[in-house]
Amino acid sequence: MLSVSLWQTPVPVSEAVAIFEDIANQPPTRFLTPDTSYYRPLFHMSISAIWHNAGTLETKLALIKLLQIVPFLVLVLMFVTHLRPRSATDAVAAAVAVAVLVGSPGLRDNLEIPLSYTIVGMPLALAVWILVNREPRPWHLPALIVLTLAAVGFKEQGLVLIPLVVVAWWTRAPGASRAAAAALVVVAAAYVVLRLSWRGSWPMFEQAVGLGFGEIEPSEAVARYGTFPYFVYAYSGASTMLNVLFAEPTRGTFSIVRAIVRGQAETWQFIHLGSSVLMTGLIGWWGIREAKRVRAAGWSVEARAFLLLLVSLLACGVLSFNYSRDRLGGMAVPFYAIAAYYAFRAAVRWAAESGRLRMTAAAVALLLLSAGWHARAVGTIERVRLTAFRNQIEWLATLPARRLEFAHRTTYLRIMESMTSQGVDRPAPRPTLYPESLMDVFGVPPR
Amino acid sequence: MTAGGVITGVVSAFRRTRGPAKAGHYYEPAPDSRRGLAAWLAIPTLAVALGLCAIEAWRAIRPRSALFQPPFVYSLADAIAVGELPQAYAFIRAGQDPNEPIWVRHPVFTGRRWVRVSPLLWAVATRNGQAVDMLIAFGARLERRENSDAVCLAQRVGDQGIERALRLNGAPTAAGDCPASTKDDPVLTHLLNGFN
C-alpha cells in the first residue's frame with residue numbers, strides 16, 4: 001500500500017526541480033567535489049545517470065521514484081527474512097518490529113520523493129548487520145566496504161556503518177574481521193580528510209535549529225550562539241537520538257510536550273510518545289539483561305544488537321550536530337526495530353512464565369504497545385498519501401510564484417513546466433477519510 | 001493464524017495459566033501460555049491487516065466512496081467555494097475557460113442574487129488564494145476586463161496575501177480606482193456594474 005502510494009505520488013516542485021536543475025546543468029563528475037556542506041555524490045550521480053540516459057520524462061521520474069520505493073521494499077523484506085519467525089511468539093514480535101520500523105519517524109521522514117539519500121542507506125545498514133553476524137566468507141570484506149561506501153555516497157549518515165563494523169568486530173561478531181574493521185577505519189579517515197580539506201565553505205548553521213519549544217533561523221542561531229555553538233551542536237545531536245527513542249523532540253523542538261503542557265495534545269501525540277517511551281523502556285530492560293549475560297556467556301547476537309543500537313544512535317547524533325531532523329535518525333531505525341523484536345519477544349516469554357496477575361498486566365501493556373505501533377504504521381501510510389496530495393496542491397497553487405521567483409533560471413523553469421503535467425493531471429492519492437477520531441489516532445491532520 | 005485461533009489461544013492462555021507463585025510452591029509455566037499470549041498479542045496485527053485489506057478492497061470496488069473522495073462538486077464555482085483545488089483544476093483541464101464568467105450566488109458576497117463573475121473574482125471573493133494561483137497558472141488573464149477588479153476585491157475582502165499575489169502577477173494597480181462601496185453592499189455586486 002505504501003509503495004503503491006509512493007508510486008502514485010507526484011514528484012514535488014520544491015527540492016525536486018532544483019535537484020534536477022543541478023543535474024541538468026552540471027556534469028556528473030562535478031558531484032564528486034566536496035565543496036559544499038552536503039556531499040552526496042552517489043545520490044546525485046544516480047539521479048544524473050537516470051536524468052541523462054532515461055528516454056522520456058515519464059521514464060526518468062518513474063526510475064527516480066523507484067530509487068525511493070525499491071530500497072524501502074528491500075528494507076522491509078530483508079528485515080522480515082532476517083527475523084525469520086519460527087514460533088507464534090516470534091511471529092508476534094516480528095509483526096511489532098515491522099510496525100516499529102514502518103511507524104518510526106526516522107523512516108517516515110525518509111519517504112519523501114526524490115530525497116532517497118537515507119532510505120538507500122537503511123537497507124545497506126541492515127545488510128551490514130546481517131553480514132557481520134554470519135560465518136565469515138571471503139567476499140564479506142569487499143561487500144562490507146562496498147555497502148559502506150554506497151551508504152556514505154548517498155548521505156553522510158552512511159558513516160554510521162563504520163563504528164558499527166568496528167564494534168561488531170570488537171564484540172567478536174563472526175562476520176566482522178579485523179581486516180574489515182581496519183579497512184573501514186581507513187575509509188573513515190580518508191573521508192574526514194577529504195571533507196575537512198573543503199570545510200572553509202561550511203556555514204556555522206546550515207538550517208533552522210530547534211531549541212526547546214521553538215525554532216530559530218540560522219542567522220539568529222549565529223547571532224545568539226556564534227561564539228560558542230557547541231552547546232547547540234550537542235543539543236541537536238541529542239535531539240536526533242531522543243527522537244528515535246521517544247518520538248520527541250521533532251526537529252529539535254519538543255512539540256508533543258509543548259502540546260501536552262498547553263493542554264492541546266491530540267490523541268496521536270499521546271500514542272507516539274507513549275508507545276516510544278514504553279518500547280524504549282522495554283528495550284532498556286531487555287538490553288540490560290543481555291548485557292549482564294555477556295560477562296558469563298560472551299557476546300550473543302542479542303547483546304550485540306543492543307550495543308549496536310546504542311552505537312548507531314550515538315553516530316546518528318554526532319552526524320546531525322548541525323541541526324536535528326527526524327530523517328537524520330534513519331540509520332539507527334533498523335537497529336531500533338531489531339532491538340524491539342528481541343525485547344518484545346523476551347517480554348512475551350517472561351510474561352508467559354509469570355503468575356496470572358503479572359501476566360495479565362504484561363499482556364495488557366504489550367497489547368497496548370503493539371496497538372500503538374500498529375497505529376503509527378498505518379499513520380505512515382496515510383502520511384505518505386497526505387504528502388502525495390500536498391505535492392499536487394503545490395503544483396496547482398505555486399506555479400505563478402515560482403515563475404516569478406525563478407524567472408532568471410531558465411533550466412529550472414523549463415524543467416518545472418515540463419513536469420507540471422505529472423503534477424496535476426492524474427489524481428494524487430489522498431488520505432483515507434476515516435472518521436475524525438480515527439484520523440486523530442493515525443495523526444493525519446485535517447486537509 | 002485465524003481469528004478463531006486467536007480467540008481459542010487467548011482463552012486457553014488465561015485459563016491454563018496457574019495462579020501467582022507462592023512461597024514454597026513452584027509452578028511450571030503452562031505450555032500453552034506463551035502461544036495463548038502470542039495469540040492475544042496478535043490482535044492488533046490481525047485487526048490492522050484485516051482492516052487495511054477490507055478498506056483497500058472497498059477502494060478497488062468503490063473508488064468514489066466517501067471514504068476515499070471528498071463530495072463531488074458540480075461546477076467550477078462550487079469547487080472554488082469549497083476549496084477543492086484538484087476538482088477545480090479538473091474543470092479547467094476538461095476545457096472550461098478560466099476567463100469565462102461563471103454563475104455564482106452567495107448570501108454575503110452577492111446578496112443571494114445570481115451573478116456572473118469570472119472564476120478569478122469568485123476565488124478572490126471566497127478568499128481562496130490557492131485557487132487564485134491555480135487560475136493564474138492555468139490561463140486566467142489579469143489584464144482582461146472580467147478580471148480587472150480583482151485587486152479592488154482583494155482589498156475589499158481584506159486579503160493582503162491575495163492582493164500581493166495579484167499585483168506580483170501583473171494585475172492592474174487600482175489602489176485609487178476602486179469603486180466606493182457602502183458597508184451593506186455585497187462584496188461582489190458593487191464591482192459588477194455593467195458586467196451582468
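The following exercises, with worked solutions, concern a predicted model.

Local features require pLDDT of at least 70 and side-chain atom pairs pLDDT 80 or more, while totals for chains, interfaces and linings use all residues. Residues are numbered from 1 along each chain, chains are lettered from A in the order in which they are written, and side-chain values use heavy atoms, without hydrogens and water.

**Exercise 1.** Determine whether the radius of gyration of chain A agrees with that of a compact globule.

*Solution.* Step 1: the radius is taken over C-alpha atoms, and the globule rule is 2.2 Å times the number of residues to the power 0.38. Step 2: for 447 residues, the rule gives a value near 22 Å. Step 3: chain A has 22 Å, so the two agree. Step 4: 57% of the residues of chain A count as buried (under 20% relative accessible area, with a 1.4 Å probe and protein chains only).

**Exercise 2.** Locate the cis peptide bonds at P114(A) and P249(A).

*Solution.* Step 1: the bond from I113(A) to P114(A) has omega near 0 degrees, and P114(A) sits in the loop between helix 6 (105-108) and helix 7 (117-132) of chain A. Step 2: the bond joining E248(A) and P249(A) has omega of about -5 degrees; P249(A) belongs to the loop between helix 12 (230-246) and helix 13 (255-261) of chain A. Helices here are DSSP runs of H or I, at least four residues, numbered from the N terminus.

**Exercise 3.** Describe the backbone and accessibility of R172(A).

*Solution.* Step 1: phi of R172(A) is positive, near 60 degrees. Step 2: most residues other than glycine have a negative phi. Step 3: R172(A) has 68% relative accessibility and therefore counts as exposed (over 50%).

Conventions: Helices (H or I, at least four residues) and strands (E, at least two) are DSSP runs, numbered from the N terminus.
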